[in-house]
2 protein chains.
Amino acid sequence: MSDIHPASVPESFPMNGGDGTYSYTKNSVYQKAASDVAKEMIDEAITEKLEIKILTATSNTLRIADLGCAVGPNTFMTMQNVLQAIERKYQNQALTSKMPEFQVFFNDHAANDFNTLFASLPPDRQYFAAGVPGSFYDRLFPESSLHLVHSSHALQWLSKVPEGLLDKNSPAWNNRRIFYTTASNEVFNAYEAQFIKDMEVFLKARAEEIVVGGLMVLILPALPDGIHHSQLPVGLLFDFLASSLRDMVNEGLMNEAQLDSFNLPVYAPSPKEMALQVERNGCFSVERMELTDPTSKIDGPVDARKLIMHLRAGMEGVFSKHFGHEIVAEMFERSLGKSAKLSSLLESSCMKGTQLFLVLKRK
Amino acid sequence: MSDIHPASVPESFPMNGGDGTYSYTKNSVYQKAASDVAKEMIDEAITEKLEIKILTATSNTLRIADLGCAVGPNTFMTMQNVLQAIERKYQNQALTSKMPEFQVFFNDHAANDFNTLFASLPPDRQYFAAGVPGSFYDRLFPESSLHLVHSSHALQWLSKVPEGLLDKNSPAWNNRRIFYTTASNEVFNAYEAQFIKDMEVFLKARAEEIVVGGLMVLILPALPDGIHHSQLPVGLLFDFLASSLRDMVNEGLMNEAQLDSFNLPVYAPSPKEMALQVERNGCFSVERMELTDPTSKIDGPVDARKLIMHLRAGMEGVFSKHFGHEIVAEMFERSLGKSAKLSSLLESSCMKGTQLFLVLKRK
């Protein structure tokens, strides 16, 4: 449910808790804006595309899954929106049949904090809740058992760091960088190849699990068609953090090998790339594919400091796991200190329309 | 999965971890013996009573739930046994249809440690796993969604301490006791009334969730028909622990009110009582109902010290939550010190056939 939750990597890095300066709660204005945009579009998808009568022909249960749910509360709000949209549909269409029962499966890695998720389930929920541990780059559910699948800001996480990036003798060796934005073509190609492999596995698994006529709503960061990947805002942000790490290497505060051995397993595809993978899979029709701009909901220009704080709240864990807390704290402090530079970098980047909203229907 | 796991009380008291002197691992010989007896009977129930072909007529998925699963590993072994029994049935009957897919729901209170459960799921499992948080004295699953429900040593936990036990002005006030074994008739009646209420709710919920033809296997401690409840071995054991607490009150080591305000919300029904509740519910046929004697699998006489250690491994948490660790450690030490007295108490009790094995089929 967050653009920074690594729901597809073998380990789980929870967002910063509490409500302090660096907490996710205090630093999620962009996340909130993205949710608002998505909410309207999910409502429309359910109203226009979900044929409930057909889906509940053999059983009166609608099964819904949220892939990469983290610990809430966003997943709960989304599921509530989904249920309300279905209920509205029943009322508006004056459907006389019994309202279906809902079973909601919350999925994330086994290392996700399901205890916290379960403890914070809304007491007044109108659905039967279940937690499903495991990577979505694998089968998670029985065949033809799901009617609606939702995944928000999770699918950009690759199943692993692409091959070659850590190998000094590979043309894709990504030394002194942590991402593909400013890297060589070979590095970008390695990321792209991993994305293609992962999407093949993801779509094949979901095609088996989703009933014919079932919907899948995917929301993830993306690169507009025709824009070079060096323009990806989140990539510029990652590279901006990497520049602070490089400075620290140059000042002898950390080891070069430590920097070389870290890469973020994240990929933001273009709509064209995504459509190609859906076509190759062959089991889904594209019902809607649109780039949205969550920042348009926020007044005034994008605030570079806020962006850094937002990233810290969500991704500090991913970095800390590799670099340790001290280096990561220093990295964020240094990056905040030169945030004006990030502002000008972002001005020249493509800030508009970098959230992909995709509705697929199982053929 | 343990006779001491309070799967039905609002909070979860996990068994003692690790492999030390008081660990569940080192003190579960009776539990193991009970499992072995149950395994054979579950095998038979599946072989003789589960009509897989009918159950998988509309979908190729078999949905199985374990209610009161705790954190493993017993629940995993039981589920593996269940799956193997179904697979054998396919092979023996030379069923030509595709083996069904299995979805296993592990249920326990939301406060159960699902993180540990999920982390220890067998990597080679042949089923899709899900965790379902919540009390089984409530609906947990959509209607007609389960084919096989299993619950071992969980259903003896009442949903709450029976009314009146804590009220000085009630005839059911259970002062200086923690259970009904040696208590007044009013206390026993309050326990029995709570059991009847809870079973009504439990059977109603399961009747809604289990498909017609689906099975429910229940294993719980019980009192043989015609035996007075003062003869219940586990009750004698509880009262033996209470006697140590009473000594400590008399010696001024703890407060009398502290003892008066604690009661174990546990009830061991007779087969007759259980059959009556099933009949009142009306949705299930009794396919098998049998008292078994797990201790018959253990060589030699029942060892009172081992029983106390076993109870400590499983129930220390329930006591500690109320009394604090120091008092509980002292209670167990004192009880171990006079275990010879428990041995003679148990000799005069009804040690044979106090495990109820019940197979119900949804009509």
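In which helix of chain B is B:Ser339 found? B:Ser339 is found in helix H11 (residues 339-347) of chain B. Helices here are DSSP runs of H or I with at least four residues, strands are runs of E with at least two, and both are numbered from the N terminus. B:Ser339 is buried, with a relative accessible area of 11%. Buried means under 20% relative accessible area, exposed means over 50%, and partly exposed lies in between (1.4 Å probe, protein chains only). Leaving aside residues up to four places away in sequence, B:Ser339 touches B:Phe240, B:Ala304, B:Arg305 and B:Ile308. A contact is defined by heavy atoms within 4.5 Å.

The model is predicted: local features need pLDDT of at least 70 and side-chain atom pairs count only at pLDDT 80 or more, while totals for chains, interfaces and linings use all residues. Residues are numbered from 1 along each chain as its sequence is written, chains are lettered from A and ligands numbered from 1 in the order in which they are written, and side-chain values use heavy atoms, with hydrogens and water left out.

Chain A has 11 helices and seven strands. Its 363 residues include 58% that are buried. Contacts in chain A between residues at least 6 apart in sequence were also examined; 83% of them join residues at least 24 apart.

The two chains were then compared. Chain B is superposed on chain A by a rotation of 180° with 0.0 Å of shift along its axis (RMSD 0.0 Å). The two copies are thus related as by a two-fold rotation axis. In chain B, the C-alpha nearest the axis belongs to B:Gly131, 2.4 Å from it. The same surface serves both copies, as 100% of the contact residues of chain B recur in chain A. Superposition is by least squares on the C-alpha atoms of residues with pLDDT of at least 70 in both copies.

The largest pocket has a volume of about 740 Å³. Its lining is made of 28 residues, and A:Thr58, A:Ser59, B:Thr58, B:Ser59 and B:Arg63 lie nearest its centre. Both chains supply elements that give two or more residues to this lining: helix H2 (52-55), strand E1 (61-67) and strand E5 (210-221) of chain A, and helix H2 (52-55), strand E1 (61-67) and strand E5 (210-221) of chain B. The lining divides into 10 nonpolar, 14 polar and four charged residues. Ala, Val, Leu, Ile, Met, Phe, Trp, Tyr, Cys and Pro count as nonpolar, Asp, Glu, Lys and Arg as charged, and the others, Gly among them, as polar. A pocket is an open set of points on a 1 Å grid over the protein atoms alone, where a 1.4 Å probe fits, with protein on both sides within 12 Å along at least five of seven lines; lining residues have an atom within 4 Å of a point. Grid points are joined across faces, edges and corners, and the volume is the space filled by probe spheres set on them.

Rings of Phe, Tyr and Trp (its six-membered ring) pair if their centres lie within 6.5 Å; planes under 30 degrees apart count as stacked, over 60 as edge-to-face and the rest as tilted. The rings of A:Phe136 and A:Tyr137 have centres 5.0 Å apart and planes at 75°, so this pair is edge-to-face. Both A:Phe136 and A:Tyr137 are buried. A:Phe136 also forms an edge-to-face pair with A:Phe202, at 5.5 Å centre to centre and 85° between the planes. A:Phe136 lies in the loop between strand E3 (128-133) and strand E4 (146-152) of chain A, and A:Phe202 in helix H5 (residues 185-209) of chain A, so the pair ties together parts that are 66 residues apart in sequence. A:Phe202 is buried, as is A:Phe136.

Some backbone geometry stands out. Most residues other than glycine have a negative phi, and most peptide bonds are trans. The bond from A:Gly72 to A:Pro73 is cis, with omega near 5°. A:Pro73 lies in the loop between E1 and helix H3 (74-92) of chain A. The bond from B:Gly72 to B:Pro73 is cis, with omega near 0°. B:Ala70, not a glycine, has a positive phi of about 55°. B:Ala70 is placed in the loop between E1 and H3 of chain B, and is buried at 3% relative accessible area.
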